[in-house]
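My notes follow the order in which I went through them.

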Amino acid sequence: MLKRIILILLTLLFSSCAVNQKKVEIDTKETINEELLSHVRYILYLFNSEDLKTLNDIYINKDFGYFDVSLDELSNKIVVEKRAYLEEIDNFIESFDIENREIFFNCSPYNDAFYGWSENGTFIFEAKSNYLENYQSNNTEELDNFIKKVKNSSYEVIATYNTIFYITKIDKKYYITLIDNYKTDCQNALIQAF
């Protein structure tokens with residue numbers, strides 16, 4: 001009798017947990033289109049206006065937040081942190097004209113003439129960095145789905161001299177899912193040069 005009561009309680013517990021889990025709809029990756037570019041332009045406008053409230057309200061997913069990627073200067077390793085909202089932004093946007101091509105950042109520790117972006121402006125292309133591959137957390141199924149979505153379905157947006165972010169369509173809405181503070185951090189290149 002006691003075993004049956006325990007079994008019933010465990011069944012109720014696990015079934016109630018399953019009901020409360022949020023399922024993330026994994027949207028298929030769309031080609032770069034005017035709707036996506038319109039959202040990117042608006043995000044850039046909000047950066048330029050330093051409108052953190054609107055950025056957080058519209059473009060940061062309330063359930064998952066976003067991933068912040070940076071370089072730990074002590075260990076010289078990539079650090080990925082999950083954050084709930086943007087706390088600061090750089091407001092300089094050089095161009096609202098968005099080009100669909102990949103550009104690169106050169107650290108060039110020996111010659112300043114080669115330091116910086118291969119081109120200036122704002123660019124969008126398929127995200128290739130795999131920062132989330134080794135993200136360490138006690139991941140729930142919903143967070144694992146979110147990470148999978150970010151890894152497989154994001155576009156990288158680079159506004160040179162400002163920011164690098166991933167934009168991802170989740171549940172039919174666009175979100176900033178990753179901020180890349182690593183790509184332009186030359187500490188790693190400077191350490192390896194000596």
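**Entry 1: Thr168**

I looked up Thr168 and found it in strand 8 (residues 163-170). Helices (H or I, at least four residues) and strands (E, at least two) are DSSP runs, numbered from the N terminus. I noted that this is a predicted model, where local features need pLDDT of at least 70, side-chain atom pairs count only at pLDDT 80 or more, and totals for chains, interfaces and linings use all residues. Residues are numbered from 1 along each chain as its sequence is written, and side-chain values use heavy atoms, with hydrogens and water left out.

Is Thr168 buried or exposed? Thr168 has a relative accessible area of 0%, so I put it down as buried. Buried means under 20% relative accessible area, exposed over 50%, and partly exposed in between (1.4 Å probe, protein chains only).

I then checked its neighbours. Leaving aside residues up to four places away in sequence, Thr168 touches Lys149, Val150, Ser153, Ser154, Lys173, Tyr174, Tyr175 and Thr177. Contact here means heavy atoms within 4.5 Å. With Thr177 there is also a polar contact, side chain to side chain, at 2.7 Å. A polar contact is a pair of N or O atoms within 3.5 Å; within protein, one must be able to donate a hydrogen and the other to accept it, and residues adjacent in sequence count only if both atoms are side-chain atoms.

**Entry 2: the sheet**

In which order do the strands of the open sheet lie? I wrote down seven strands in the order 2-1-9-8-7-6-3, with mixed pairing. Two strands pair if DSSP finds at least two bridges between them. The edge strands are strand 2 (77-83) and strand 3 (98-99), each pairing on one side only.

Strand 6 (residues 122-126) and strand 7 (residues 154-159) are antiparallel and share five bridges. I picked out Ile124, whose bridge partner in strand 7 is Val157.

Helix 2 (residues 34-48) touches strand 3, strand 6, strand 7, strand 8 and strand 9 (173-180), and its direction makes about 135° with that of strand 8. Helix 4 touches strand 1, strand 2, strand 7, strand 8 and strand 9, at about 115° to the direction of strand 8. Axes are lines fitted to C-alpha atoms, for helices over the stretch in contact, and angles run from 0 to 180 degrees between N-to-C directions.

**Entry 3: strand 1**

I found six of the seven residues of strand 1 buried. Strand 1 runs antiparallel to strand 2, with seven bridges between them; Phe67 has Lys82 as its bridge partner in strand 2. With strand 9, strand 1 pairs in the parallel sense over three bridges, and Val69 is bridged to Asp180.

**Entry 4: aromatic rings**

I counted eight aromatic pairs in the structure. Rings of Phe, Tyr and Trp (its six-membered ring) pair if their centres lie within 6.5 Å; planes under 30 degrees apart count as stacked, over 60 as edge-to-face and the rest as tilted. Phe64 and Phe146 are stacked, 4.6 Å centre to centre with 10° between the planes. Phe64 lies in the loop between helix 3 (52-59) and strand 1 (66-72) and Phe146 in helix 4 (residues 141-153), so the pair ties together parts 82 residues apart in sequence. Both Phe64 and Phe146 are buried.
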